[in-house]
Amino acid sequence: MQNTISVCIIAKNEANFIKRCIQSVLPYADQVVVVDTGSSDNTPAIAKELGAEVWHFTWNNDFSAARNFSLSKAWGQWILYIDCDEEIDPETGNELLTAVQNNNFDAYFIKVRNMVHNDEATTFTSIRLFRNYPQFRFEGKIHEQISKSILNHSSMEKVGQSDLTLIHHGYNPEMVNIKAKVARNMKLLQQQASNDIQDGFLYYNIGIEYVRQKKFKQALENFIRSLELSQTNTGYAPMLVNKIVTCLIELNRYRDAIQQLDYYRKIYPNYRELYLLETVCHMKCGRYSQAYDIVSKLNLAPEDNLHYFYSNKVYGYSADELQQTLKDLKYAKGKNFSLTVCILMTDEQCNISNCINSISELADEILVLTVGCQDSALMPAYQMGAKIYRLNQEHDLAKLRNFGWQQAQGDWILFLNACEIIDIADAKKVVNIINHSSHNAYYLTVRVLLDNGYYEQNICKLVRKVANIQFQSSLLEDLNESLQQHLCQHLPVKIISHSLKNKSSKAMFDKNMQLLKNDLKKFGKRANIIYQIGMECLKINNIRGAYSHFKHAMNIAGWHYTPELWYYLTHCLIQQKKFSLALQTATAATEIYPDYVDVIYLKGCCQLYLRQLQGAKKDFMCCLQSQKVNSKYIHHAGVSDFLAHCRLAEIYFLQGDIKKCFEHYRMAATKPFGNSIAIPALTKLIIRLHGPGAVEYYLTQLNLNTCHTLCLAAISAASDGCLLESLQLWQAAIEKLLTTKDIRHYSMAFYAMYKIFKTVCDEAIKNNPQDPGLNYLIEKFDQLLPR
Amino acid sequence: MNGNQYPLISLCMIVRDEEKSIVNCLASIKDYVDEIIVLDTGSNDWTPLLAREMGAKVLFADWKQDFSKARNISKQTAKGEWILFLDADEIISAQAAKKLRSLAAAPNVEGYYFNIVNHTSLQKDGQIQVGLNVRMFRNKASYLFEGAIHEQIITSIKKNNPAAQIKHSGLEIIHYGYCVEDIKREEKNHRNIEILQRALQNDPQNPFYLYNLGVSYYKAGRLEEAKKQYQLAKGCISHSATFLPVFYRNFSICLCEMAEYVAALELVEEGIAHFPDYPELYFIKGQIYTDLNFFSEAVTCYLNCLKFEKAHDKYVNTVGVTNYLCYEQLADIYVQLNQPQQALRYQLRAIRTGASSMNSVLRLALIARQHFQSEKMLLKFLKRFLPDLSMDKLIQILFNIACYELVLTEVAQHPAPLVDTLLITIQSCIHLKQWASAHQYIAQIPQSSKAYEFAQLLGCICCLLSKNKSKFKYYLSRIHPDYANDCKLIANNIIFNNGFKLSKLNYSTFLLDIIFQMLTYDQRFTIKMLEKNLAPPVQGTLCHKLALKCISKNNYILAQELLKTSLRLGNKTADTFNLYSEVALKLGNATEGVMAASLATRQQNTAAQYNTLLKGLVNFWWYGMLDIMAVFPDNHLLKQHWMALNSYRNKYLKGE
């Protein structure tokens, strides 16, 4: 038989879609191969029923392996591979038959049209149809590619273009498929003689102009138009491709950028910068090992062609620098388990790219689960390689999390929120510990950052995919309650959460309250829910509301329910300036939990406010002595070090012992986070005691004259109205920077001068609010030197 | 007119109100063409008559705001086989004009390019730009000028006859219309702006018009508008446009002047990517880097530019860009880097490759003075390397670099010094406090000379500084009465009177001028005299006023001294602090600048005071950053901040 066609499909749990897919290819295919990678539904049965050959393949986290397995089962002379969420556009079906009769070609670009949300369809092209030669095989674990193999074993001239069109329906109706593909023009391949290269250059120039203005979106539009009108051998074409990819990277469209690079690297195989750009893409997504592999290969790649515009640096990195940087960052090699990271995105303000970036190296699969977020907010996640699921369900986080649990393919699942990141230094520990783990679940320390410090608590975040566990509360992460029969260990890995930083919006409060009310309806008045309501009140500074809910929770569950409750009750009382009552509460709490440092600290504060200095001093001393905080408590940053020191400094100041006062500020300033509290206080105090001109001297005496602390002092002096003092401190900071030659301090030095300048600007405008000249000057400053 | 064995040439011109230049123009060409047609588009002066006088056939037409239309009318009646066209503010050299006939005799050529040499000043050190234009072509009815302005014939020739050969004539036409001295320059530019705006209404996407409008705005100093037009032009300019290279040049110059360094750099780099053989672009890039204090990068650019022996004719080129202009820039850089020897070497090379103005020579002398230990060596060097310099010029240079002793020794050897040289000598004597010699030289200035009165005034100043009462009266009678009164006032009340302190003073410009001159000769004496003989309020205000005068003469060091005195004498007003701050900033002392400005805001929190304070702060920041840059030269973020800070400092805080 001549020109037979095998259609190859890989599938897992595709019962809803596979029928449409197979039916669409039946009229043209001589063989349909379906490789099932472990469906738990009746996908294989449906396929068989439609006449497909079904093979089973054990999923090993490698798309290429599965695809190649399907190719190995094909006997047709041609292969068309297609995904379950695609179908052949029946109007173009005959193109398939025409294409396979042409002896000039070994493979074809065909069109894939996206049909999602009835949006304006976008079409891109892809090599999907090729001769069944054993040397044509897929490569790459995640972004599996056939084109590289085809080009290696055939040539560009033997790749044709067909109008055969696949309709891509998106993964499932609930899944978001963001249209993000860049239209790629096939004229490039055909090398048509075009006599009008002018217009191409014109759009190229317009694009450059927009790049200059940092309007990358408009720049990209023009570059694409230019690409459509230009030939690949035009002088500026390589530069154009470089600019397109650069724009895509600037727009954080890494997935699209990589796709373009895959393509153009074959056309300009000697263009080293394209490899560098791909390295940057992976690096910006946090896939350090992958990035490292590419940049390492670069040393083997041929030399740059002189005609290419190149600087040998992209984003300020040379190849060597990139390699060096990545060498320190990569750690995933040697991991012997697969991990799915399940990210919940409930708030569009969250910068999910930071989250993904922090775990990409670790993850084999990233799922992003959301209900209400817009495509634009999900775009970064998609571009960074995540699978995105939008569930058309009521806002119920338990349902989202449980859905993620079911979808996850990995041996382990890590649950994160979009505003959380894993500390990179800690991430390596995950590999080491889980490689040898015999446990099924782990508590991780979640450090919630506040404007000035943080608190830490332990939450069960990492579980092995063994048993059927379930989240219940629509807001809380209450996995530990369904884990009781499993052994849950503490993993010394920090998750940094930005959920509370710089925001406590009313909208967020309303949303969370709604969820908690639902929980109340469903589960009745549980203490943990009431307690959470109190916490929500606290976030929006509703102290009275918070206090009454905490009281209520304690009434339900009793005084031994949880130590945090005592802490927050005291906290609320202090906020309401009910110091005596607060002192009573705190004293009671310390009797029950004598090692709960945070409450001892609050007790000290009460006494300080009540001017019971001796008692206060004793409490703060006690805080300082308890170095190791018991991990069963929610712990606030600084209570056992810098905050206690600052309070002691205040006490000694009140007692007139300036030397001890300074000493305690010094101790506070040496702690991380501590200096941003202690240095301004100290600076103000020195200016008050010794007048201007003395701050640098005293900071040096106290051994606090690092670039960073001097900058903090400079900012503080400026805001105190001591401009000259402030500049003197800044100059001292610069001298430190220059003598230590530690460029990491530069951004602080810049920030300090920026703040000083802004302080003067504010003062100028305050005195001359209507002056147009000043307003213009300051506006331009903000435009040119944004923080 | 002889034209028997040669094809005839018709000169066609369009003119209006050109009586100042038409004669020069026609005189340079009339003997080398066979017919002159001058189309007058509405002169209100003698232009048509003068043209007819010079042998032209004068036609008249209404001005329709369209250069091409007028030009096409001018060529309608031409009988020659060739048309040559010139503007009234152009001339052609006799040697060049002589060759026109042989050009006309060449077969198979349809047109000739000429180098248009644009002088930007009548002075020797003015920049000269050379561009290319078709100015002579075969007289065919189908060849028509196109474009309402900056009209071109070549497009039409190419359209009618794609195979047409257009050759370079190798000849120059000299154009004076861009000279700053040309009083009509601004008016013409304004007229061009109007024509371009009108043309763009009909054809808003025409890159040539947009570009030219940009150029015109730039010339008028309207940089923001220029930038906008350039940007619009960039959106529609074609890759093959003949003006694309010069577009890159002019646009990046504009951006650099606007202190938009990031954009300027990006643009000029793009230009170089397209036209790597256009030296001008490397030069501009060098200037951008120089502005940013990126000296090593700038040096690389200039060295790249110097690699070109000569710029290609197809580009608009500034004369000297591949030699002396670069050398002078390099010399300046090495002066700033405090490497006088290297600077000297480059400045000398600049002079040898064509930098011929007095300014260039003076720069050489200044650098040399910095380099050589002894004045003797300096003099030897100057004489050796500037053998063509006349004695008077040499003395002038020596005076300008404050080598007063050398002035005196050289003058002594001069057989017949010019009056100007004598004046310089007198001043040198005063600087050196050689009063007797000064009086001697003053006596040598003849009464008939224009400089006589000034010499007598110098005599007065001489006497004031040396407290010479008797001679003072002698000179006083010979100077202008305005000066005489004020001189007398100073003499009676300040110098010779040791009694009471003057509490009131009439600050006439003459008085200020005399005291200012005294200050330049003997700062300590003069300041002491002011302190001793004036009451405090007068002292303060006078010093303040004198400081303003110093600033207007760019003498900031003296201004600072005066302001210090003024403040010391109790004149602690916000204005004085503010002025002190400005002067300190000019002198590169940001810390003092900020301190003074901050004190000024304490006294008076107006926008003007804060403006100075912000300026001071940015300068303070700038110097800090400069130190950081020196230690971390390759940090990307730092470079970005640095460029932004420079743009802010130079664009928004530069002046008023």
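Patches are built from residues with over 30% relative accessible area and no salt bridge, with like charges joined within 9 Å. A salt bridge is a side-chain nitrogen of Lys or Arg within 4 Å of a carboxyl oxygen of Asp or Glu. Lys and Arg count as positive, and a charge is placed at NZ of Lys or CZ of Arg. This is a predicted model, in which local features need pLDDT of at least 70 and side-chain atom pairs count only at pLDDT 80 or more. Residues are numbered from 1 along each chain, chains are lettered from A, and side-chain values use heavy atoms.

On the surface, B:Arg352, B:Lys376, B:Lys380 and B:Arg384 form a patch of positive charge. Helix 17 of chain B, residues 375-385, supplies the largest share of this patch, three residues; helices are DSSP runs (H or I, at least four residues) and strands likewise (E, at least two). B:Arg384 belongs to helix 17 of chain B and is exposed, with a relative accessible area of 63%. Exposed means over 50%, buried under 20%, and partly exposed in between, using a 1.4 Å probe and protein chains only.

A disulfide is a pair of cysteine sulfur atoms within 2.5 Å. Over all chains the count is zero. A:Cys722 is in no disulfide, and the nearest cysteine sulfur, in A:Cys711, is 17 Å away. B:Cys305 has its closest cysteine sulfur, in B:Cys326, at 3.6 Å, which is too far for a bond. A:Cys722 is buried at 16% relative accessibility, and B:Cys305 is buried at 0%.

In chain A, A:His168 lies in strand 8, residues 159-168, and is buried at 10% relative accessibility.

How values were computed. Patches are made of residues with over 30% relative accessible area and no salt bridge: like charges are joined within 9 Å, nonpolar side chains (Val, Leu, Ile, Met, Phe, Trp, Tyr) within 5 Å. Accessible areas come from the Shrake-Rupley method with a 1.4 Å probe; for residues, only the protein chains shown count as cover.
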